[in-house]
Amino acid sequence: MKSDSKLTTNQIDASELSFNDFKLIVINDYKIAYESRQASLLGRREVLTGKAKFGIFGDGKEVPQIAMAKAFKKGDWRSGYYRDQTFAFATGITTIKEFFAQLYANPSVEADPSSAGRQMNCHFATRSLNDDGSWKDLTDIKNCSSDIAPTGGQMARLVGLAYASKLFRQNPELDYLKNFSVKGNEVAFGTIGNASTSEGVFFESINAAGVLQVPMAISVWDDGYGISVPAKYQTTKEDISEILKGFQREEGTNGYEIFKVKGWDYPALCETYQKAIDVCREEHVPVLIHVTEVTQPQGHSTSGSHERYKLKDRLEWEKEYDCIVQMRKWMIESAIATAEELDELENTAKKFVKEIQKEAWSDFLSSIKEEQTQVIQMINAFANGNPVLSKIAAQLASTPDALRREVISSARKAIRQSVNLPSAERDVLLKWYQKQVEVNEEKYSSKLFTDGIESPFLVNNVPAIYSEDSKMLDGRELLNACFDANFSRDQRLVAFGEDLGNIGDVNQGFAGLQAKFGDLRVTDTGIREMTIVGQGIGLAMRGLRPIAEIQYLDYLLFALNILSDDLASLSYRTKAGQKAPVIVRTRGHRLEGVWHSGSPMGMILGSLRGLHICVPRNMTQAAGMYNTLFRSDEPALVIECLNGYRLKEKLPDNVGEFTVPLGKAEIIKEGTDLTVVTYGSTLRIVEEAAEELEELGISIEIIDPQTLLPFDTDQLCKKSLAKTNKLLVVDEDVPGGGSAYILQQILEVQQGYYLLDAQPKTLTAKAHRPPYGSDGDYFSKPSVDDVIEAIYAMMNEANSAKFPALFK
């Protein structure tokens, strides 16, 4: 069968090229554009005939993407959206065969290197990592950060990818990182549809990049619509570059260089991109290229037709000003090619793309057909005339192009229907299916984390060391010493956030560190949570070790879309092809007021699978967790206790070296009557309650899980329940929030349910956010009195004679 080769574009330098060389480059560009259009047309057909689930394509944007690809060099990065297939073909980031493999959701990294079938089509990524999780030489790759579908979501990460180049250029201490940058000469290319510029993250990112002055080149593909909604409802003045004129760089100011070019004008596009990217790369000035008069011949996606909402005149204009039609016309008028030559090229391209599509479909089905044949044979081997089993096998045999789910479902149904018909032949199917459970777990559910050679679970467990000379310090000072030691040890570490730099954060954890390490490494930012997180993601993808600070836990909501859609799913959606070991630092739990006292752990646990969630009870434990995370390569959220910064703690002699392992719970107090599981700030409340409970004759065992993701991997909670048989979970989140997750982990995952002799209980905050003031805190969140009385009530239920009811 015909193999799929990478046909890439080349930069045009009119001063050095002969006309024949120029012709060859242009014809090659047209060939790439035309093949891409055929891939779009054929891809849509594959969806509508049922071979693929959904399709979204880049038709109409082929020529501007060819021009953009000419300016894209090894070491550069793309952070784009799902219309960039021509760019991906032209740069060699993907091939047409890989494009179709992704359309069919082929779960093979070899077939679909971007996502191993985990993302819908046109969601591209290059593989930054080796199989063991170590970095490749990113300066020798045309890099593409993994696409996400939420519109505008790619913008936050783009800021960080561009900011990395600034750090590599301006901080000579990073020169040793030869595999990540060549003196900061890399440009971060972003792409977005005109309608998506209405998103807040777009404006936040544009402003952030303008402030930072980073080599970010953002291309806006403007076709005048957002699905069916025209520009007049999307953008003031119906023109994004017009309303961004205030960002234009002027003498003595920072800002952007803004360019505007028509999407069907091949020579103007090539000239514009060369000029824009030269400025961006050489001067580290962000640029905006507004590509107007773009068309979208097949409409938004396979879910509908644009004929429903576009007027006849508009549709006719789009046919005439289709960028491929216009490029063809220009080539003929410029004597680059004749109509007959282009006819032949187009016919060849159609056949080529069709052959590649067939090959990709055949490859996708081959392993499934093998499994299908095996299952049919195994069921028939023990059917013995059983009509139900014979029907299952016959139905599967009559299913052309069966998907894996149909094969596995048939096997499972046959196992169920033969439960009372044991045989050696049935055992063969049963063992096959059990093996497939493991195989399919790897295919469809693996690599939520990178699990590579720098996994946090491979970091040496180093205990804290104390001596007679160990000082008692405020918790904030202990954290400061931890950060100081690590920044001295690892030049890759950078930290940034609101009020982090000059004053050293609102609680002084970074006090004095900007003066010591410079404002490139410890940096203030504007109030812009989405791009603070995005800044961290981009830096981490380029080999640096960022700490992105969100000032308060309540403000995490402003960045939740970026954390959830992008960071948390990065390893999974690339099947460990990319990683971003960013640490998101914040502080929360008990303070006062509706917007400064939140503990939305249920929200965090539900939306951030793919991050480690660390909930240290004090700053010593926080420092140990940071030390672990700094030496590993997986993303994490660390929530420091807001009311612990001025509490005294003993400073470990090895403050920058000792580690706290993730997932390891700790027994804070041993007891015999009841197990209490809690974390963070409420742990001190439970400890205080334990003293009065002892006076009442009740001995509680207190367990601090320390991290919620992962949770108690040694199952200390279960071991405790084997002794106490009673469980109370104390949590500052709303009812059914973090406490529900903890119960699920203990009762279901650890099977603690079977060890209980009483109903498990939770003690949580009220359903509302706490009102302002100490009284509001007392009546809204678990207090010492609440803990004592909840535990006493549980003991009363178990032994009312010994523990008579308190309130009768």
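A residue is termed buried when its relative accessible area is under 20%, exposed when over 50%, and partly exposed in between (1.4 Å probe, protein chains only). The structure is a predicted model, in which local features need pLDDT of at least 70 and side-chain atom pairs count only at pLDDT 80 or more, while totals for chains, interfaces and linings use all residues. Residues are numbered from 1 along each chain as its sequence is written, and side-chain values use heavy atoms, with hydrogens and water left out.

**Sheet**

Helices (H or I, at least four residues) and strands (E, at least two) are DSSP runs, numbered from the N terminus. Two strands are paired if DSSP finds at least two bridges between them. An open sheet of mixed pairing is formed by 7 strands, in the order β11-β10-β12-β13-β15-β14-β20. Its edges are β11 (522–524) and β20 (707–709), each of which pairs on one side only. From one strand to the next, the twist averages 20°, with axes taken as lines fitted to C-alpha atoms and angles running from 0 to 180 degrees between N-to-C directions. Strand β14 (residues 612–614) pairs with β20 in the antiparallel sense over 2 bridges.

**Salt bridges**

Side chains of opposite charge can pair when their charged atoms come close. A salt bridge is counted when a side-chain nitrogen of Lys or Arg lies within 4 Å of a carboxyl oxygen of Asp or Glu. The count by this rule is 46 salt bridges. Three of them are listed below.

| Pair | N to O distance |
|---|---|
| Glu 442 and Lys 575 | 2.7 Å |
| Lys 579 and Asp 633 | 2.7 Å |
| Glu 701 and Lys 723 | 2.7 Å |

In the salt bridge between Glu 442 and Lys 575, Glu 442 belongs to helix α14 (residues 424–445) and Lys 575 to the loop between α19 (570–573) and β13 (583–588), so the pair ties together parts that are 133 residues apart in sequence. Glu 442 counts as partly exposed because its relative accessibility is 41%, whereas Lys 575, at 11%, counts as buried.

The salt bridge of Lys 579 with Asp 633 links the loop between α19 and β13 to the loop between α21 (619–630) and β15 (636–641), its partners being 54 residues apart. Both Lys 579 and Asp 633 are buried.

Glu 701 and Lys 723, also joined by a salt bridge, lie 22 residues apart, Glu 701 in strand β19 (residues 700–704) and Lys 723 in helix α23 (residues 716–724). Glu 701 has 2% relative accessibility and therefore counts as buried; Lys 723, with a relative accessible area of 39%, is partly exposed. Elsewhere, salt bridges that share partners join Asp 505, Glu 549, Arg 585, Arg 587 and Glu 640 into one network.
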